[in-house]
Amino acid sequence: MSHRIDCLQYANWSEKIFRQMREGGVDAVHVTIAYHENFREMVLNIEAWNRRFEQFPDLIFQGRTGDDVRRAKAEGRTAIFFGFQNPSPIEDDIGLVEIVHTLGARFMQLSYNNQSLLATGCYEAEDPGLTRMGREVIDEMNRVGLVVDMSHSADRSTLEAIKHSSRPIAITHANPAFWAPARRNKSETVIRALAETGGMLGFSLYPHHLRDKGGCTLESFCEMVARTAEMVGAQNLGIGSDLCQDHPDSVVDWMRMGRWTKRVDYGEGSAAAPGFPDMPAWFEDNRDFSNIKAGLRAVGFDATEVAGIMGENWLRFFDDSFESVRETRTRQAAE
């Protein structure tokens, strides 16, 4: 039986949500543990997750390798993989890249909407590309097995990251701009470059990234996936739902504004609709992944392609991406 993986969620975590993951057959979830947090604040978030792992051991555990996804499925649990939507936890210290990987981080975005020390976010007017530190950090991420994620980055920075990285990168949660021209969605040039280098694109269910937002139909979403597969093949496509379940609207202020501004930033929302947008009726929580599976079959994907998009493609990527260069050489020598 195939594995089911969601490569991005940021929910108000609770036993209810963990049980919904199990009801939805979700074997692994990449969870955001930092937006604008510095290193020490990120560690506090890991401490909170450690308490959850202790409190709900029958439902969740920390994932570090692809084999942990297989273990989760065998044991009827969900493996939780840590990731950052901003490089702020490494501050200005490249040595922290290896430290955060040791603590369990497996994905790190090089920018979150704004310019960072590493790369440019998609909301900036100008995109000068990777910085000097950005190139150095990518090299270190490649070395230790921390995946470069460019979900919130601008086009030039993303293309330069794809080219510079010695390992395939990921865009864990975004959609093609040809379908829904949101700032966060990706150009055809980026999607083709990503796929040509073995990178992964996770399709987002966050309404601001969808055509017709919360009114998006399952058929429209799955036809978009099919069109993308026609363009680059289905083998590098997955789901990164960007599910932000059960949060109060105040949380979206932290996501958009952090500590970098005193002004209200509505992101892709507006003054008339400042909070979290309503999810489409066919994807409200983790129990609804089967709707996507059925929708993909309905638009013509075969069973193997559907299994890939629902999780097997991410699992292959996890296997190839999470161990260090040294670990890979040691394993290959032993084989």
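1. Is phenylalanine 221 buried or exposed? In this predicted model, in which local features need pLDDT of at least 70, side-chain atom pairs count only at pLDDT 80 or more, and totals for chains, interfaces and linings use all residues, phenylalanine 221 is buried, with a relative accessible area of 0%. Buried means under 20% relative accessible area, exposed over 50%, and partly exposed in between, with a 1.4 Å probe and protein chains only. Residues are numbered from 1 along each chain as its sequence is written, and side-chain values use heavy atoms, with hydrogens and water left out.

2. Phenylalanine 221 also belongs to the largest nonpolar core, which has 76 residues. A nonpolar core is a set of buried Ala, Val, Leu, Ile, Met, Phe, Trp, Tyr and Cys residues joined through side-chain atoms within 4.5 Å. The members that touch the most others are Trp49, Ile80, Leu110, Phe221, Ile292, Leu296 and Phe301. Helix α8 (residues 218–232) gives the most to this core, with eight residues; helices (H or I, at least four residues) and strands (E, at least two) are DSSP runs, numbered from the N terminus. Apart from this core lies another, of 17 residues, including Val69, Ala72, Ala79 and Val147. In soluble globular proteins, nonpolar side chains tend to be buried together.

3. The aromatic rings deserve a separate point. Rings of Phe, Tyr and Trp (its six-membered ring) pair if their centres lie within 6.5 Å; planes under 30 degrees apart count as stacked, over 60 as edge-to-face and the rest as tilted. The whole structure contains 21 aromatic pairs. In one of them, tyrosine 10 and tyrosine 35 have ring centres 4.8 Å apart and planes at 75°, so the pair is edge-to-face. This pair links distant parts of the chain, 25 residues apart: tyrosine 10 is in the loop between β1 (5–9) and α1 (15–23), and tyrosine 35 in the loop between β2 (28–34) and α2 (39–55). Both tyrosine 10 and tyrosine 35 are buried.

4. Phenylalanine 221 and tryptophan 282 form a tilted pair, with 5.5 Å centre to centre and 45° between the planes. Phenylalanine 221 lies in helix α8 and tryptophan 282 in the loop between α9 (250–257) and α10 (289–298), so the pair ties together parts that are 61 residues apart in sequence. Tryptophan 282 counts as buried, at 11% relative accessibility.

5. Which residues line the second largest cavity? They are His36, Tyr112, Asn113, Asn114, Tyr123, Met255, Arg256, Trp260, Asp265 and Gly267. On a 1 Å grid over the protein atoms alone, a cavity is a set of points where a 1.4 Å probe fits but cannot get out, and a pocket is an open set with protein on both sides within 12 Å along at least five of seven lines; lining residues have an atom within 4 Å of a point. This cavity has a volume of about 50 Å³, and the largest cavity about 180 Å³. Grid points are joined across faces, edges and corners, and a volume is the space filled by probe spheres set on the points.

6. The largest pocket has a volume of about 330 Å³. Of its 15 lining residues, His36, Asn86, Ser88, Gln115 and Ser116 are the closest to its centre.
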